[in-house]
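Please look over the sequence and the model below before reading on. The paragraphs that follow lead through it one region at a time.

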Amino acid sequence: MCDKCKGKFYITTPIYYPSDRLHIGHAYCTVATDTMARYKRMQGYDVMFLTGTDEHGQKIEDKAKEAGVTPQQFVDNIVTGDRGVLDLWKLMNISNDRFIRTTDDYHVEAIQKIFRKMYENGDIYKGAYKGKYCKPCESFWTESQLVDGKCPDCGREVEDAEEEAYFFRLSKYAGRVQDLLENTDFLEPRSRVNEMVNNFIKPGLEDLCVSRTSFSWGVPVDFDPGHVVYVWIDALFNYMTALGYMNDKYDDVEKFWPADVHFIGKEIVRFHAIIWPAMLMSMGLPLPKKVFGTGWLLLDGGKMSKSKGNVVDPYILSERFGVDALRFFLLRSFPFGSDGNFSNELLISTINVDLANDLGNLVSRTVAMAQKYFGEHLPAQQQGDLEKDAELVGMIENLRKAYEEQMEKYAFQNALAEIFKVISRANKYIDENAPWVLAKSEENKPRLARVLYNLLEAVRVCGGLLTPFMPDTAAEIAKRLGGAAMDWDSLGQYGLLSPEVATVAGPALFPRIDMDKELAELEALNKPAAPQEDPLPEPLPEIAFDEFAKVEMTVVKVLTCEKVKKSEKLLKFTLDDGTKEPRQILSGIAKFYAPEELVGKTLVAVTNLAPRKMMGQLSCGMLLSAERGDKLNLVMLDDKVPAGSRLV
């Protein structure tokens with residue numbers, strides 16, 4: 001570790017479940033995590049900032065089927081596709097050091113080892129699950145935990161579930177987890193502690209179902225085929241597998257574990273505050289130092305949700321207002337840890353008041369006056385005034401300490417408030433000292449130079465402390481100040497700016513926005529476009545009946561199906577066509593179906609086509625499918641229709 005490094009700092013944000021279109025609510029927690037990571041880097045810490053995607057579970061499998069693609073193709077599209085998770089993090093200027101996907105091979109391997117170890121420890125045992133299951137939340141519930149018969153977390157309908165399963169002895173750790181929550185600062189805000197203890201632990205913490213057999217999209221239990229690991233074991237241990245725990249991909253466990261803080265949404269506090277520490281206790285591993293449960297961004301009084309039709313598109317907002325303005329708004333407007341009511345009116349008002357009027361105005365006026373009255377450089381000869389300068393100078397000198405106290409408590413809103421107290425005081429200082437009056441007299445030029453110097457110092461320190469929140473804006477402010485020092489040490493001192501600082505002019509950092517006009521345009525943009533159907537294919541030329549009658553269409557049953565090596569499109573089918581010999585057909589539908597879901601299906605094949613080779617393998621016929629746009633759907637028949645039947 002370098003001499004100047006203050007130590008390590010490991011921070012994580014939730015790995016997102018890639019099942020819905022991303023909205024501004026998804027970015028909220030990650031922007032906060034990014035801000036904290038940037039702040040710690042400024043201080044001199046060796047930071048590891050982890051984010052990623054949680055890609056397994058029944059909900060993913062079901063949504064992939066609805067989309068006509070494999071689960072892997074479904075998650076790949078949402079993570080790496082156009083406007084997917086990686087695109088959104090790039091857009092929002094997220095500076096994560098590592099990105100994990102729970103479908104990564106090294107993670108899957110580690111989860112199998114972890115599951116086996118807890119089983120060998122005696123903390124996982126086999127039984128049968130019967131109860132209620134919320135598919136959207138991937139949560140098991142008892143009848144008594146339901147609210148009006150629905151999931152207590154999301155309010156959706158639950159379904160009956162009954163299957164063979166493995167269980168984790170969560171009840172064994174109830175006392176230790178309760179002690180952790182009640183007698184340490186492990187979970188914050190403190191209000192979340194009472195919720196966890198009173199709602200989940202005191203009524204009796206039941207053992208947790210940790211495997212499923214009713215679907216296959218998950219990490220297989222390697223010692224019991226047919227079982228897949230419960231998605232929350234898979235998801236929670238990402239914080240350690242991403243460091244190299246139980247795998248050879250990385251080697252950072254000793255350096256960064258335990259995590260300094262997990263930032264998470266309040267809807268998953270139960271998993272992180274109860275299940276996660278219990279599993280770590282079972283494994284004999286150190287616990288993270290803190291779990292911090294954030295609030296939700298609410299729209300019209302409800303949580304943002306695609307299913308509710310109230311998604312706010314971060315791409316539209318960023319394109320219109322700028323990424324830094326959006327990042328600033330998220331952490332300036334709402335206390336971190338509480339719910340916040342999002343509205344476009346509040347966003348525009350925050351930009352106009354804080355960024356255009358206060359910050360932008362201070363930077364523009366100060367630089368413009370320095371250049372107007374002194375040209376390229378302020379003069380070295382300056383005259384202070386203890387009475388007139390003391391308050392502003394004192395606020396500049398004390399700002400970093402006040403800011404740091406709030407940042408260490410994750411009180412981002414309060415940290416920004418400290419900065420804007422100085423910005424507000426600096427704007428008032430301009431009016432008090434009236435530089436335009438001082439400029440009229442050559443005798444007052446030294447005093448004018450000191451007034452502008454004090455203002456430039458206020459801009460430098462405030463701009464530097466805005467770096468974690470608004471990195472691009474802070475860099476632009478440094479440029480306007482001639483590349484002034486804005487490192488952490490320099491921000492704790494007044495007077496480090498060269499008295500002969502060379503300022504650089506530039507356009508307004510944040511032009512004012514016409515509220516009414518902007519709201520009208522946003523409303524028009526947010527109106528859902530009318531769904532457009534894929535165009536019908538062009539009709540083919542007519543053919544005679546005798547020609548059509550030559551086509552032999554036969555009912556076939558799928559015996560086996562597998563991907564063709566080195567081909568992204570082809571699946572190889574072995575088919576029962578009613579004869580004694582299996583028939584092999586290759587079909588270019590790998591993009592739309594997983595091989596395992598087609599075994600046993602009843603399809604239709606053209607069986608009198610001349611055989612042809614594809615990727616070096618013989619295809620004896622063609623499977624019928626329906627095409628619309630860029631989608632293909634195999635023609636499937638009732639399984640009662642016997643193989644070998646002919647379509648007539």
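**A walk through the model**

Ala-434 is placed in the loop between helix H16 (412-433) and helix H17 (435-438), where helices (H or I, at least four residues) and strands (E, at least two) are DSSP runs numbered from the N terminus. The model is a predicted one, in which local features need pLDDT of at least 70 and side-chain atom pairs count only at pLDDT 80 or more, while totals for chains, interfaces and linings use all residues. Residues are numbered from 1 along each chain as its sequence is written, and side-chain values use heavy atoms, with hydrogens and water left out.

Ala-434 has a phi near 45°, a positive value in a residue other than glycine, and at 15% relative accessibility it counts as buried; buried means under 20% relative accessible area, exposed over 50%, and partly exposed in between, with a 1.4 Å probe and protein chains only. Met-246, in the loop between helix H9 (238-241) and helix H10, also shows a positive phi, of about 60°, although it is not a glycine, and Met-246 is partly exposed, with a relative accessible area of 24%. Most residues other than glycine have a negative phi, and most peptide bonds are trans. The peptide bond from Glu-188 to Pro-189 is cis, with omega near -10°, and Pro-189 lies in the loop between strand S7 (187-188) and helix H7 (191-201). The bond from Trp-257 to Pro-258 is cis as well, with omega near 10°, and Pro-258 is found in the loop between helix H10 (253-256) and strand S11 (261-265).

Leaving aside neighbours within four places in sequence, Phe-412 is in contact with residues including Ala-32, Met-36, Phe-263 and Phe-469, contact meaning heavy atoms within 4.5 Å.

Two helices also meet at an angle. The axes of helix H5 (residues 105-120) and helix H11 (residues 269-283) come within 9 Å and cross at roughly 70°, the axes being lines fitted to C-alpha atoms over the stretch in contact, with angles running from 0 to 180 degrees between N-to-C directions. H5 is therefore roughly perpendicular to H11, since angles of 65 to 115 degrees count as roughly perpendicular, under 35 as roughly parallel, over 145 as roughly antiparallel and the rest as oblique. The contact is made by Ile-114, Lys-117 and Met-118 of H5 and by Met-279, Ser-282 and Met-283 of H11.

Among the strands, S2 (residues 45-53) and S3 pair in the parallel sense over four bridges, two strands being paired if DSSP finds at least two bridges between them. Gly-52 has Ile-100 in S3 as its bridge partner. From S3 (residues 98-101), Arg-98 and Ile-100 point one way and Phe-99 and Arg-101 the other way, and all are buried. Further along, strand S16 (residues 553-563) is joined to strand S17 (residues 571-576) by six bridges, the two running antiparallel, and Glu-562 stands opposite Lys-572 in S17.
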